Amino acid sequence: MGNAKPERRVYLDYVATTPVLPDVLEAMLPYFRDVYGNPQSLHYWGDAAREAMEKAREQVAVLIGSSPEEIIFTSSGSEANNVAIKGLAQGQSGKGKHIIVSAVEHFSVLHAARTLEKAGFELTVVPVDKYGFVDPDEIAKNIRKDTILVSVMHANGEVGTIQPIAEIGKIAKEAEVLFHTDAVASAGNIPVDVDKLGVDALSLAGNEFYGPKGSAALWVRKKVRLMPLMDGGVQEGGRRPGTENVPAIVGMGEAAELAVKDMPSRTGKFSQLRDRLINGLLSAIDHTILTGHPTQRLPHHASFCIEFIEGEAMLLMLNSQGIAVSSGSACTSRALKASHVLIAMGIPHEIAQGSLLFSLGVDNNEADIDYVLEKLPPIVDRLRQMSPLYAKFVKEKRG
Amino acid sequence: MPMYSEKVMDHFMNPRNVGEIKDADGIGEEGNPVCGDMMTFYIKVKDNRLEDVKFQTFGCGAAVAVSSMVSEMAKGKTLEEAVKITPSLVAQELEGLPKNKYHCSNLGAQALRRAIRDYAQKKGITIEGLEEKGEEHEEGEEND
């Protein structure tokens, strides 16, 4: 093991980011080379750039079942979430100061809400169950007269669980509270329809569905008041000033169109591969738990905690075999804290350290999964042989 | 750019002295699984020298590499020499550790020191330099 070139390279980290599909790249290239105008300019170059941008807006709108004019392009999912949480809260601050988010939100939602809390807003963080589900009743219970915003993510990127957004949407609507969902992990991967979900705002990111990095959007329902985070020009209706990233926007649009077209076939393929991985891994490695819900999960997502060993160590050894994955262990995070998602789900710290997450994409096939199933068990074995926790466990079992 | 030096990767992928010494003369544990890293060191002492050093580690690449390096540095040393092994010496021998790994994962020297202390207590002896604080891992630091 070590420096030898791996037999195979298998990318299983599509939730971290997807590659850009060839058709998407092709669609983008003219907007670097030829159509380089500023969409705000009133000449030939500006007109052409604006036209491309508006086409992309329509393509993204189709993906989420919205009107194009309700789409605000941003530079990342994190930016979209920040604009949503801070912009919506500040837009409604005349009505109240109370915000509700779930405990498993991405940090761009959770920390944005914490920032508002420091600025005088009140925050309720609702818990989740062992699958990572938010109980809609828990939202209903916590809505107060002065509640102005609820934010619950559509699907969780770490454990794959898909939340009952439509149910929460009904509750929020009845209470006349704005409802935002972070659909960064889900949009482009599973059907997303803003009306069916009953949301008022939704974040999505192009690089989660084969668009380029730096392409993302926030959808905000018409007539909902949103304060911009940045001051500047009139771009995106003044809600997100700054010269638009036309090539990225065009790429996101193309990726959205492909996602609409290919979603059924992708989903079929991914869920089959995912189940092969889940079943294979659970039967090959004992003391392993599937994190998140077994069926209510993203089709391209499989996440586990492998007991007695630590995620980064597994990740590095898998990397040496050419396999790319993620982990929510403390050691893999720069903050050196175990995933707040796993902890919120009640998984003990030492087990959360064994987190490993696989996310599938268009380039994967059965041979990739079988390669993982061949390479991972000996790695786990090796690390367990090294682990004092495993040694203790074995001793206790022997009595 | 890889996060770890080649030396760290070598010690992680091919750790030296992994295992348990059944009739160890001293055992030392350091860290806890909450912060992500935990190490147990076992020592065998003969004529005031570390005749054998073995370890078990739960943790990241850095934690495994640190344990392996400490075991290699300590083996054959007198007890007085072994207690002079510090986290910064270990990091130096490993050609550096990422900044954010320095406190959490660099626990090998302390675990070894605990094993030596365990031995000294059992034998009722004092070892020069053993009780010096040096740059010991501060309690609670891993929670930062």
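How many residues of chain A are in contact with chain B, and how many of chain B with chain A?

## The interface

In this predicted model, 30 residues of chain A are in contact with 30 residues of chain B. The size of an interface is often given as the accessible area lost when the parts come together. Here chain A and chain B bury about 2200 Å² between them. Of that area, 64% is on carbon and sulfur atoms.

## Charged and polar pairs between the chains

Between chain A and chain B there are 3 salt bridges. In one salt bridge, B:E29 is paired with A:K392, and the closest N and O atoms are 3.3 Å apart.

Several helices of chain A take part in the side that touches chain B. At least two residues each come from α10 (311-320), α12 (349-352), α13 (366-386) and α14 (388-398) of chain A. By class, the residues on this side of chain A are 15 nonpolar, 7 polar and 8 charged.

## A salt bridge within chain A

Over all chains, the count of salt bridges comes to 31. One of them joins A:K375 to A:E7, with the closest N and O atoms 2.8 Å apart. This pair links distant parts of the chain, as the two residues are 368 residues apart. A:K375 lies in helix α13 of chain A, while A:E7 lies in the segment before β1 (10-11) of chain A.

## Two crossing helices in chain B

How do the axes of helix α1 (residues 6-13) and helix α2 (residues 61-74) of chain B cross, and within what distance do they come? The two axes come within 8 Å and cross at roughly 85 degrees. Angles of 65 to 115 degrees count as roughly perpendicular, and α1(B) and α2(B) are therefore roughly perpendicular to each other.

From α1(B), the residues that make the contact are B:K7, B:V8, B:H11 and B:F12. From α2(B), they are B:G61, B:A62, B:V64, B:A65, B:S68, B:M69 and B:E72. Sorted by class, the contact of α1(B) with α2(B) has 6 nonpolar, 3 polar and 2 charged residues.

Key. Residues numbered from 1 in each chain as written. Chains lettered and ligands numbered in written order. Predicted model: local features only at pLDDT ≥ 70, side-chain atom pairs only at ≥ 80, totals over all residues. Heavy atoms only, no water. Contact = heavy atoms within 4.5 Å. Buried area = accessible area lost by both parts, 1.4 Å probe. Salt bridge = Lys/Arg side-chain N within 4 Å of Asp/Glu carboxyl O. Helix = DSSP H or I, 4+ residues; strand = E, 2+ residues; numbered from the N terminus. Nonpolar A, V, L, I, M, F, W, Y, C, P; charged D, E, K, R; others polar. Axes fitted to C-alpha atoms, helices over the stretch in contact; angles between N-to-C directions. Parallel < 35°, antiparallel > 145°, perpendicular 65-115°, else oblique.
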